[in-house]
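The paragraphs after it take up a strand, a helix and its surroundings, and then the overall dimensions.

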Amino acid sequence: MSDKLTDYELERYSRQTALAHFSVESQEILKAAKVAIVGIGGLGANSSMLLAAMGVGNFRLIDRDVVEISNLHRTPLYYPDDYEKSKAEAASYRLMQLNPTIETEIHATELDGSNVKALLKGVDVVVDGLDRFAPRMLINRACKELGIPFVFAGVVGMAANLSTFTYGEGPCLSCIFGGVDDAELPTCETIGVHTSAVAITAAIQANEVTRLLTGLPPVLENSLLYIDLETLAFDRISILQREDCEVCGAASRPPPAEQQRVVELCGRDSYIIPSPGNVQINIEEAKKTLEQKFTISTAGDFALTFQWEDIKISLMAGGNALIKGTKEPEEAKNLYDEIIKLISPHIMKQG
Ligand SMILES: [Zn+2]
């Protein structure tokens with residue numbers, strides 16, 4: 001499927017359509033395409049920015065978090081004004097400033113086993129902007145079942161890993177990283193992350209996405225690229241399907257029963273409380289209720305941040321919350337339950 005270009009678009013993309021293996025028709029395909037960006041921190045923000053600039057026409061923007069001051073160093077997408085806004089909402093606004101011809105869908109929610117297929121269904125490619133393997137594994141399985149290519153990438157410190165999965169004869173994410181435990185991996189918070197590592201990784205992702213969309217074979221199919229900016233090493237190794245892979249191998253098994261939803265530690269004294277299920281909170285109405293009791297610091301259409309004594313709470317439209325300033329997970333959980341009770345008339349069950 002493709003959409004005809006306007007005169008403005010023909011001019012805007014003229015240096016792109018002049019490329020070998022790229023044409024006006026390729027550009028029309030990009031315009032009609034829909035890409036899901038899952039995780040719009042440094043990596044997803046950079047990838048989506050490049051793809052929007054290049055003329056990918058439709059974005060599904062998925063993130064459970066709000067923009068923090070500590071995000072700003074690694075992406076030019078967010079501005080200081082975006083502080084405490086939902087990342088999906090802020091990204092949508094900035095991407096449309098960058099390229100007013102695009103369209104976006106905002107999902108300020110956490111991707112989990114109950115919603116992953118609904119969130120990804122109908123897109124042409126899924127772009128990984130996450131920093132954990134647990135949700136990536138959910139995406140990997142959903143993409144295999146839905147037949148959607150997945151452009152995986154992880155960046156930390158000065159290094160990155162990338163691969164593209166198309167779910168034909170080749171391997172999947174679980175074939176190579178099946179047993180990885182997020183708790184044992186370094187994070188951007190513990191060892192930092194270099195903006196150049198994020199930018200180069202996003203640029204390679206954008207190349208993979210545009211190749212997939214325009215019918216060229218992705219460069220990183222059946223291979224894993226490891227980049228280290230300390231040495232400028234680019235090591236590409238071949239990867240094979242693992243026969244005993246739980247997702248794509250002969251021994252494929254149904255997914256484990258969804259693990260109990262857990263309160264997750266994210267940084268010092270900070271917790272992410274999962275959504276109670278497939279819900280949508282009317283943030284505007286919730287604000288009216290909560291401002292009678294708490295001090296609201298930021299309110300958008302998809303996230304609300306407020307203060308209760310020394311504790312800061314960001315409530316996302318998808319129902320999950322970030323709670324900062326408490327040492328006890330139980331305290332965070334109780335506070336969340338209290339807030340949900342207060343705003344229950346403004347919570348709608350989905351699907
Ligand atoms: Zn596999």
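L315 lies in strand β14, which covers residues 311-316; strands here are DSSP runs of E with at least two residues, helices are DSSP runs of H or I with at least four, and both are numbered from the N terminus. The model is a predicted one, in which local features need pLDDT of at least 70 and side-chain atom pairs count only at pLDDT 80 or more, while totals for chains, interfaces and linings use all residues. Residues are numbered from 1 along each chain as its sequence is written.

With 28 other C-beta atoms within 10 Å, L315 is buried; the term applies when 20 or more other C-beta atoms lie within 10 Å of a residue's own, whereas 12 or fewer make a residue exposed and counts in between make it partly exposed, with C-beta atoms placed from the backbone. Once its neighbours within four places in sequence are left aside, L315 is in contact with I281, A286, A303, L304, A321 and I339, a contact being a pair of residues whose C-beta atoms, placed from the backbone, lie within 7 Å. L119 is 196 residues from L315 in sequence, and the C-alpha atoms of L119 and L315 are 20 Å apart in space.

We turn next to a helix. Because 10 of the 14 residues of α7 are buried, the helix is largely enclosed by the rest of the structure. Those buried residues are F133, P135, R136, M137, L138, I139, N140, R141, A142 and C143, and they pack against β1 (34-38), α6 (116-120), β4 (125-128), β5 (150-156), β6 (159-165) and α8 (173-177). After α7 comes G147, whose phi is positive, near 70°.

How is the protein divided? Domain 1 covers 33-238 and domain 2 covers 264-349, with bounds that come from an automatic or database domain assignment. The C-alpha centres of domain 1 and domain 2 lie 26 Å apart, and 17 residues of domain 1 are in contact with 19 residues of domain 2. On the side of domain 1 that touches domain 2, α5 (87-98) and β3 (103-107) each supply at least two residues.

Taken as a whole, the protein has 12 helices and 16 strands. Its radius of gyration is 20 Å, close to the 20 Å that the globule rule gives for 351 residues, so the protein is as compact as a globular protein of that length; the radius is taken over C-alpha atoms, and the rule is 2.2 Å times the number of residues to the power 0.38. Buried residues make up 44% of the 351 residues.

Notes
Contact = placed C-beta atoms within 7 Å.
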